[in-house]
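Open the model in your viewer and keep the selection panel at hand.

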Amino acid sequence: MASEKPLAAVTCTAPVNIAVIKYWGKRDEELVLPINSSLSVTLHQDQLKTTTTAIISKDFTEDRIWLNGREEDVGQPRLQACLREIRCLAQKRRNSRDGDPLPSSLSFKVHVASVNNFPTAAGLASSAAGYACLVAAGVGLSPVIPVLKRLMGEKHFRPGVQDQPGPRTYTLARVYGVESDLSEVARRGSGSACRSLYGGFVEWQMGEQADGKDSIAWQVAPESHWPELRVLILVVSAEKKLTGSTVGMRASVETSPLLRFRADSVVPARV
């Protein structure tokens, strides 16, 4: 792998968001469309964040992903949905701007390494921060080689990666030439990920369209709206949840008449 010359290398970070009015239950699991709108507060990245590095190279033969130093299944449907949507948007952009070449080839594969500085899958919205970071979160460029060694794990790292990326900071979306609102794409990975794309107080609108085009997030107030607010997080267990959110939501939708009442009557009066 010493001959690998990545076309672009990107490091970005994304925050955790905590729901003030929680979304619980989906009307469409494939598109990740909620049965109610939700409201969240974005936490400061000084305490909790996800850091992700992405590299695109003509020499990569397949997409790969590492989480906290361990390689994960890149075929996971929601991850594939995000990659597919980003590449589709890039293709549309190229088709609409004839003669304006993309900064990278759509045929190139991507390697992604991500790490959370907080427990993963333990109830702290790690998937929200992770998918927001993967898709389009605000970034801070770091030297690529040290970051990759830390995120991928020493045994997975190989020399040949450029250690001086260009002066401009790119997200995965920028690498593929995508400039549109990406909360819809982030939502396909993890519903609440669309809220981690913004700071302050954020609403994720449930939307009404069947294709989910109107199910997007937007900032309703900046962090200065409530300067006295403090969020206290006590980690009583760093173990993975016994019941994942998707499974729990599905069970609630199928069995709880009170959940429908909450979605139809309680939440709309408060969002």
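On a 1 Å grid over the protein atoms alone, a pocket is an open set of points where a 1.4 Å probe fits, with protein on both sides within 12 Å along at least five of seven lines; lining residues have an atom within 4 Å of a point. This is a predicted model, where local features need pLDDT of at least 70 and side-chain atom pairs count only at pLDDT 80 or more, while totals for chains, interfaces and linings use all residues. Residues are numbered from 1 along each chain as its sequence is written, and side-chain values use heavy atoms, with hydrogens and water left out.

Select V41, T42, L43, H44 and E223: of the 19 residues lining the second largest pocket, these lie nearest its centre. The lining has eleven nonpolar, six polar and two charged residues.

Next, select I86, V135 and L182. These have the most contacts inside the largest nonpolar core, which has 21 residues. Such a core is a set of buried (under 20% relative accessible area, 1.4 Å probe, protein chains only) Ala, Val, Leu, Ile, Met, Phe, Trp, Tyr and Cys residues joined through side-chain atoms within 4.5 Å. Colour β6 (49-57), α1 (77-96), β9 (109-116), α2 (126-135) and α5 (183-189), the elements that give two or more residues to this core. Helix α1 gives the most, with five residues. Helices (H or I, at least four residues) and strands (E, at least two) are DSSP runs, numbered from the N terminus.

Note on methods:
Buried < 20%, exposed > 50% of the residue type's maximum accessible area, 1.4 Å probe, protein only. Nonpolar A, V, L, I, M, F, W, Y, C, P; charged D, E, K, R; others polar.
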